[in-house]
Amino acid sequence: MRGVVMHAPGDVRVEQREDPKILHPTDAVIRLSASCVCGSDLWPYRGAEAVEEPAAMGHEYVGVVEEVGSEVRNVQPGQFVIGSFFASDNTCEICRAGYQSSCVHRELVGGAQAQYMRVPLADGTLVATSEMPSDDLIPSFLAASDVLGTGWFGAIAAQAGPGKTVAVVGDGAVGLLAVLAAKQLGAERIIAMSRHESRQRLARDFGATDIVTERGDEGVARIKELTGGLGAHSVIEAVGTQQSMLQAIGSTRAGGHVGFVGVSHDVALDGQQLFFSHVHLHGGPAPVRQYLPELIDLIFKREIDPGKVFDLALPLDEAAEAYKAMDERRAIKALLRV
């Protein structure tokens, strides 16, 4: 099969790879309908994470089940399925508490930028749709496998809801879909922090009421100005840098909540500053599996259209251009047609 392999920073190739096989009785093999490039894929692409050896890329996926192991019961060949980037059994005590991304048997799912992939712990990881979706819904279901579920978790961790002012730090796919999530959760006011006109337009389309272009201390000051000097009730951090985390905490009022879902890189917090902020912090790898049934239902009913974050669609063989476009911020998120 054809699949994307990163050999070194900036060096992405589409190569012949071995077809995946059932290795354990709890596995499934799916034929990908679409995959995409994630913002987190750009960390190794830019050299911010080491690439020790050629790595099969991709962790966002939708497709049709080709084969299942002997112990798989919840999905079967021919079904269209969505899964998350962490495989989970969905039965352990941590999973039952809603944190499948910290399942005691969790496994990272990879190699999704390809024609086929193996999914471990298929019964707990994959969710089948009630029927085969139309082609126009596939981008939205693909978004649900990571960026929508991650933005949703960020909004819930920040306790976005009715009567709340929500600020979103980060205008990538996760940040934009955190805006959508905050809107769905009933937030009264949603402030998107973005300097890019195309992303500002999409943020407003998803429900943003205000746009803040400033960053860092200036961004914090502007949020305070918009909220009577207090800060937002709920802030979603969707970048993962030192500046974005400090900006999120600084933009939150005393007693407010920060939901941090940007993959953290070299973030260090001052304990005394955090102590006196009276800010709640909650986040981490999103338990996407918890939200998939609800998100699938909303998408099938066409109540939300998260697939709008894909502003570039390319064939799998042009994956290198997809990475380059996202790295250069010419694209918010690139979909790979398989």
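In what order do the six strands of the open sheet come? Hi everyone, let's start there. The order is β13-β12-β11-β14-β15-β16, and the pairing is parallel. Here helices (H or I, at least four residues) and strands (E, at least two) are DSSP runs, numbered from the N terminus, and two strands pair if DSSP finds at least two bridges between them.

A word on where this comes from. This is a predicted model, where local features need pLDDT of at least 70 and side-chain atom pairs count only at pLDDT 80 or more, while totals for chains, interfaces and linings use all residues. Residues are numbered from 1 along each chain as its sequence is written, and side-chain values use heavy atoms, leaving out hydrogens and water.

Now the helix α8. It packs on the sheet and touches β11, β12, β13 and β14, where contact means heavy atoms within 4.5 Å. Its direction makes about 160 degrees with that of β12; axes are lines fitted to C-alpha atoms, for helices over the stretch in contact, and angles run from 0 to 180 degrees between N-to-C directions.

Finally, please find Glu214, in the loop between β13 (210-212) and α8 (216-226). Leaving aside residues up to four places away in sequence, Glu214 touches Met193, Gly219, Arg222 and Gln247.
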